[in-house]
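Morning, everyone. Please have a look at the structure first.

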Amino acid sequence: MAVKKLILVTAKHLPQHKYFESLAKQLSKELNVPLDVIEEDYIFVNTYGEKDEFGMAWLPQLFAEIDGEIKPILTRLPINERTLDVDLEKARAVALSTLNVKV
């Protein structure tokens, strides 16, 4: 399973944007693959992303192109239960685990 590139679909005005962008850049460097950042492409996230109970996708979501297929690798940011802050290390671990890369 070879990751060809990462794709971040986001909206700069959303509070989670800065966390997803930072993590996507880190993973891109770590995996040595390009990162495409796409602004507010709801058709893309509705086609490939995770959806809520009403069938609507949200932003931001991080995807990987693997063997010609687009797969979601991080659709929500984990929260540290103790501090109630975004847990970027856990988010990294979730993304790498989804890609079957050793953390």
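Which side chain meets that of Arg 92 in a salt bridge? Glu 30 does, at 2.6 Å, N to O. By salt bridge I mean a side-chain nitrogen of Lys or Arg within 4 Å of a carboxyl oxygen of Asp or Glu.

Before going on, the ground rules. This is a predicted model, where local features need pLDDT of at least 70, side-chain atom pairs count only at pLDDT 80 or more, and totals for chains, interfaces and linings use all residues. Residues are numbered from 1 along each chain as its sequence is written, and side-chain values use heavy atoms, with hydrogens and water left out.

Back to the Arg 92 pair. Arg 92 sits in helix 3, residues 88-98. Glu 30 sits in helix 1, residues 17-31. Helices here are DSSP runs of H or I, at least four residues; strands are runs of E, at least two; both are numbered from the N terminus.

How accessible are they? Arg 92 is buried, with a relative accessible area of 13%. Glu 30 is partly exposed, at 38%. The cut-offs: buried is under 20% relative accessible area, exposed is over 50%, and partly exposed is in between, with a 1.4 Å probe and protein chains only. Glu 89 comes in too: salt bridges with shared partners join Glu 30, Glu 89 and Arg 92 into one network.

Lys 5 and Asp 36 meet through their side chains in a salt bridge of 2.8 Å, N to O. Lys 5 is in strand 1 and Asp 36 in strand 2, residues 35-39, which is a link across 31 residues. Asp 36 is partly exposed, at 32%.

Next, Glu 65 and Lys 4. Their salt bridge is 3.9 Å, N to O. Glu 65 lies in strand 3, residues 61-66, and Lys 4 in strand 1, residues 3-10, so the bridge ties together parts 61 residues apart in sequence. Glu 65 is buried, at 15% relative accessible area. Lys 4 is exposed, at 57%.

What else does Glu 65 contact, leaving aside neighbours within four places in sequence? Its contacts (heavy atoms within 4.5 Å) include Ala 2, Val 3, Lys 5 and Ile 70, as well as Lys 4.

How many salt bridges does a search of the whole structure find? Seven. That's my tour. Thanks.
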